[in-house]
Amino acid sequence: MSCIDAKTMVEGTDFEKKHTPMIECKDTVKAGEIFEVKIHTAGVEHPMEDGHFIQFIGLRMGDLPLARVDLTQYAKPEVVFYIKAPSEGHEGSVMKLTSYMYCNLHGIWKYEKEIKIE
Ligand SMILES: [Fe+2]
């Protein structure tokens with residue numbers, strides 16, 4: 001599945017808030033640090049019912065897939081990943097995290113957050 005066509009928050013509608021996978025984590029991490037990344041919908045709960053639910057939530061760093069969780073209608077579309085920041089030698093650089101959320105009816109959505117490595 002291509003993530004290039006992923007939709008994201010543009011107008012701030014409830015429909016967008018239901019599908020955009022917000023990233024909640026620190027803005028700055030140390031090289032090699034393991035830190036928590038929480039991903040959840042942007043303030044409006046998405047239904048999780050037969051025929052309409054979030055099928056997976058994923059996280060990438062640039063083009064590199066870091067983690068992914070498959071869901072069913074019996075789960076809450078919210079996950080916490082523990083991610084390791086790039087190690088020594090990357091101090092001063094920026095890590096670009098992109099979260100993905102896939103709704104079986106409304107397709108793939110994304111959100112991006114940049115994190116400084118110190
Ligand atoms: Fe949906």
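Reader: How many bridges join strand β4 to β5?
Author: Six, in this predicted model. Strand β4 covers residues 54–61 and runs antiparallel to β5.

Reader: Which residue in β5 does M61 stand opposite?
Author: M61 faces L64 there.

Reader: And in what order do the strands of that open sheet come?
Author: The order is β2-β8-β7-β4-β5, five strands with mixed pairing. At the edges are β2 (28–29) and β5 (64–70); each has a single partner strand, so one side of each has no neighbour in the sheet.

Reader: Switching topic: which residues touch the most other members of the largest nonpolar core?
Author: Those are I57, Y100 and M101, out of 15 residues in that core. At least two core residues come from each of β3 (34–41), β4, β6 (78–84), β7 (94–103) and β8 (107–117). The biggest giver is β7, with four residues.

Reader: Let's stay with I57. What is I57 in contact with, leaving aside neighbours within four places in sequence?
Author: I57 contacts P21, I39, V69, L71, P77, V79, Y100 and M101.

Reader: Nice. Last one: what feature does UniProt place at residues 12–111?
Author: The unreviewed UniProt entry gives "domain: Desulfoferrodoxin ferrous iron-binding" for that stretch. Over residues 12–111 the chain is 51% strand and 6% helix, and the end C-alpha atoms are 13 Å apart.

Note on methods. Residues numbered from 1 in each chain as written. Predicted model: local features only at pLDDT ≥ 70, side-chain atom pairs only at ≥ 80, totals over all residues. UniProt positions renumbered as here; feature names shortened; annotations may be inferred. Pairing = 2+ DSSP bridges. Core = buried A, V, L, I, M, F, W, Y, C linked by C-beta atoms within 7 Å. Buried ≥ 20, exposed ≤ 12 C-beta atoms within 10 Å, placed from the backbone. Contact = placed C-beta atoms within 7 Å.
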